[in-house]
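Visitor: I have a structure here that is new to me. Could you take me through it?

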Amino acid sequence: MQYGFFDDNAREYVITRPDTPYPWINYLGCEDFFGLFSNTSGGYCFYRDAKMLRLTRYRYNNVPTDTGGRYFYLRDGADSSADVWTPSWMPMKSKLDRYECRHGMGYSRISSARNGLAFSQVSFVPLHDKCEIHKITLTNESNVDKYIDIFSFVEFCLWNANDDMTNFQRNFSIGEVEIECPPEGSSAIYHKTEYRERRNHYAVWGVNVPVSGFDTDRQSFLGLYNGFDSPAAVFNGQAGDSVASGWAPIGSHHIKVKLSAGESKTYVFVLGYCENPEDQKWEAQGKINKKPARDLLEKYRTPEAADKALAELNVYWKNLLGKFTVEADDKKMARMAGVWNQYQCMVTFNMSRSASYFESGIGRGMGFRDSNQDLLGFVHLVPERARARILDIAATQFPDGSAYHQYQPLTKRGNNEIGSGFNDDPLWLICGVAAYIKETGDYGILEEKVPFDNNDELADTLFVHLLRSFYYPVTNTGPHGLPLIGRADWNDCLNLNCFSKTPGESFQTTANYESGVAESVLIAAIFAFVGPDFAEICRRTGRNDDAERAERAIATMIEAVNKHGWDGNWFLRAYDAYGNKIGSNECEDGKIYIESNGFSVMAGIGIEDGRAAKALDSVKEHLDTKYGIVLLQPAYKDYHIELGEVSSYPPGYKENAGIFCHNNPWVTIAETRLGRGNRAFETYAKICPAYREDDSSLRRMEPYVYAQMVAGKDAVRHGEAKNSWLTGTAAWTFVSISQYILGVRPVFDGLLIEPCIPSDMKGFTVTRHFRDADYHITVDNSAGKEKGIKSITVDGNAHSGNVIPAFSDGKVHKILVVMG
Ligand code: BGC
Ligand code: NOJ
């Protein structure tokens, strides 16, 4: 069943009942301040780093789920019979006469009503400011006067989210606040824990009106044994004016308002992060310098100012998403490719894998391979930021071409705890840089001096980084001439040198065995896919010798795959530390894997001799399901010490035969290489959330974003998704639909047009901003083809070939493509 619908004109998903099968969230923020915001106003916010600079507390895995957010409690009535309710449904689960949550591009709106009192809230992070704005409006829809008490509520996190959840012996004594609630003007609660010592930042929770009271101590507001659903202060009808000292600081404003029949009142709440220079920390002894907070509250003092900021945010998104738009009869595909998929790509750009409802924000840094792949999905939207990201990532590479697997966003330094040794990592840098150059034509990036291991003394050009990346798998090969896998390749759970017997030991960072034997066919295939781009980059920058040498290395690698990476009906996956095959018909479980098949065909291996088609047919036969392609079959029934984490999962989940959506688009792309548009689209649509909107009770995750995993056919709840939002699926599905199905693909020389679509798709239109020009591309498939172009005209003139040059003239160009 459905829990809402897409409002395509508004670019919003409209949730029509609050009890969604899982909290359905949105992300607020596009620069450095971010909020996670659920359809019942749950979530939290942080500045730059979800672990170190978290403003508000959030309890993962809580009961009930998703409690904790920015809440408003309403008390309708002047006496003890007053009706107390929460307009975002949670945390009181109030019965609502109306409810709607609209998640839009960088903002969310919740509107509800009960007993003639209407409430609406719009929440967003304005451009260029470090705060969330929550503008709320109350309307008396009844025909009698209403006396309302509004209580706001946020619970502060003591900044370091990990420490906040663990170090209670200290934390219960350090909480400090200041309160400024003058009779006139705005009211503000300041959370200044640890400001007295080594922090020079604090949080402010303000509202643009004077208040009748406040609370800053959680126990005073809620009552020690109460939950968020029964706050004592609200039921008493009066805030306690509590001043937190230790324990759990919160921020709650109490506003009393009389609303005549038909009357509305609007309030602007601001939850902000403020920082002072070291020498300007204090206003007076023990009093924080509040100037930055006052300036912020002043800036958003009026509803008009908040509206203006929201309008600016809307323009930002309109311009951004204007860079690639799609019109087609298939509305599901058009809204995903044109709007939501790209939106999700921007979220992965901002968050990497740090903070979602599945990633706690304290665990993971920016991944080397993840960030490079994410880039494929946003480079067309924010090329300058992609450039900066590439340089940050490359700076964490080691001089031998290997890489820190992760780096920390605040310091941009490699993460020692995780270290290196994931032998696919180096290649993703080539993939990211090639995508950037194809998008922008900026070969200059190759000459940028970039440190190795964050050490300026080791700096060399980005080109040298790519060179080292390229040769890493070439110089680290095993007995079959295939790349050594190291700790793991793209599949973090193929830990072939781990041999772990110790419970809780990290599969990814433990190497109990230095086999020097375990090899990955996938790395070879990735090499064969990105290698030619590297060779081309060499050639185009006058490095012909490098280009030729690289081409020889690619040919040798492909030979190794042909010789030792083919299993008869599909591509092998790997060799383990004993030299045994993984992903072979000889294996009892894990006979066939998706990754090496998708990627080998993407790289063009086996196309000429029919093995590619055979491999994809085998994928279809053995791995395909109603909800997408599972990662492997048969699922591992037992733990295999020589395989690692992949065999630790119960069958059907995650890497053990789950539908790991990230690599489904590899098969989609591979299918387009064979010209099989019907099958390519089928694999695209199966994991595309919009096609499963009416199946939301089973799928459970948001119908507007991809999830990392959907339970495979061996799982109890086959079809149930998990881990929505922060997944490489976003970038790769965008690549698959935009570049390979719709077939508008940036290449070094311009925009290549090569649609590969279902034969019953009559055509479509794509507008694409590319290197300072706009391309309006209309594809006519009245011929009912899957692939093949009869003619192309550019601005009315016949065009030979299917690469449209980079006009770079700031103009609109009309491209008409007739398939046939
Ligand atoms: C997951 C992988 C993930 C890895 C990251 C594993 O538990 O199964 O999907 O990449 O953790 O650390
Ligand atoms: C999620 C990780 O973020 C990614 O790096 C990895 O490739 C996949 N899981 C597969 O294991």
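Guide: This is a predicted model. A place to begin is R11, which is partly exposed, with a relative accessible area of 23%.

Visitor: Where is R11 in the chain?

Guide: R11 sits in the loop between β1 (4–7) and β2 (12–15). Its phi is near 55 degrees, which is a positive value in a residue other than glycine.

Visitor: What about D66, what is its phi near?

Guide: The phi of D66 is near 55 degrees, again a positive value in a residue other than glycine. D66 belongs to the loop between β6 and β7.

Visitor: Is D66 buried or exposed?

Guide: D66 counts as buried, because its relative accessibility is 3% and the cut-off for buried is under 20%.

Visitor: Which residues are joined by cis peptide bonds?

Guide: V63 and P64 are joined by one, with omega about -10 degrees. P64 is in the loop between β6 (54–56) and β7 (71–76). Another cis peptide bond joins M90 and P91, where omega is about 5 degrees. P91 lies in the loop between β8 (83–85) and β9 (98–103).

Visitor: On to helices. How many residues of α11 are buried?

Guide: Ten of the 14 residues of α11 are buried, so the helix is mostly covered. They are L462, F463, V464, H465, L466, S469, F470, Y471, Y472 and P473.

Visitor: What covers them?

Guide: The cover includes α9, α10 (425–440), β25 (449–452), β26 (455–461), α12 and α13 (544–564).

Visitor: And how far does α11 reach?

Guide: Helix α11, residues 462–475, reaches 20 Å from its first C-alpha to its last. That is close to the 20 Å expected at 1.5 Å a residue.

Visitor: Where does L467 come in?

Guide: L467 is in helix α11. L467 counts as partly exposed, at 21% relative accessibility. Leaving aside residues up to four places away in sequence, L467 touches F534 and D546. The C-alpha atoms of L467 and G401 are separated by 8.0 Å, and these two residues are 66 residues apart along the chain.

Visitor: You mentioned α9. What should its span be?

Guide: Helix α9, residues 383–394, has twelve residues and should span 16 Å at 1.5 Å a residue. The C-alpha atoms at its ends are 16 Å apart, which agrees.

Visitor: Which residues of α9 are buried?

Guide: In α9 the buried residues are P383, A386, R389, I390, L391, I393 and A394.

Visitor: How many residues does the largest nonpolar core have?

Guide: The largest nonpolar core has 254 residues. Within it, I150, M333, F599, Y684 and W732 touch the most other members. Helix α12 (residues 521–540) supplies the largest share of this core, 14 residues.

Visitor: Pick Y684, then. What does it touch?

Guide: Y684 touches M333, M336, A337, T668, Y691, Y706, T733, S736, I737 and I741. That list does not count residues up to four places away in sequence.

Visitor: New topic. How many cavities of 30 Å³ or more does the structure hold?

Guide: There are four cavities of 30 Å³ or more. About 70 Å³ of space lies in the largest cavity.

Visitor: What lines the largest cavity?

Guide: Its lining consists of Y27, G29, F34, G106, W317, Y343, M346, V347, N350 and M351. Helix α7 (residues 331–351) gives the most to that lining, with five residues.

Visitor: And how do the lining residues divide, by nonpolar, polar and charged?

Guide: Seven residues of the lining of the largest cavity are nonpolar, three are polar and none is charged.

Visitor: Last one: A635. Where is it?

Guide: A635 is in the loop between β33 (632–633) and β34 (659–660). A635 is buried, with a relative accessible area of 6%.

Visitor: What does A635 touch?

Guide: A635 touches D589, P651, G652, N656, A657 and D714, not counting residues up to four places away in sequence.

Visitor: And how far apart in space are A635 and S212?

Guide: A635 and S212 are 62 Å apart in space, C-alpha to C-alpha, and 423 residues apart in sequence.

Note on methods: Residues are numbered from 1 along each chain as its sequence is written. Chains are lettered from A and ligands numbered from 1 in the order in which they are written. This is a predicted model: local features need pLDDT of at least 70, side-chain atom pairs count only at pLDDT 80 or more; totals for chains, interfaces and linings use all residues. Side-chain values use heavy atoms; hydrogens and water are left out. Helices (H or I, at least four residues) and strands (E, at least two) are DSSP runs, numbered from the N terminus. The expected span of a helix is 1.5 Å times one less than its number of residues. Buried means under 20% relative accessible area, exposed over 50%, partly exposed in between (1.4 Å probe, protein chains only). A nonpolar core is a set of buried Ala, Val, Leu, Ile, Met, Phe, Trp, Tyr and Cys residues joined through side-chain atoms within 4.5 Å. Contact means heavy atoms within 4.5 Å. On a 1 Å grid over the protein atoms alone, a cavity is a set of points where a 1.4 Å probe fits but cannot get out, and a pocket is an open set with protein on both sides within 12 Å along at least five of seven lines; lining residues have an atom within 4 Å of a point. Grid points are joined across faces, edges and corners, and a volume is the space filled by probe spheres set on the points. Ala, Val, Leu, Ile, Met, Phe, Trp, Tyr, Cys and Pro count as nonpolar, Asp, Glu, Lys and Arg as charged, and the others, Gly among them, as polar.
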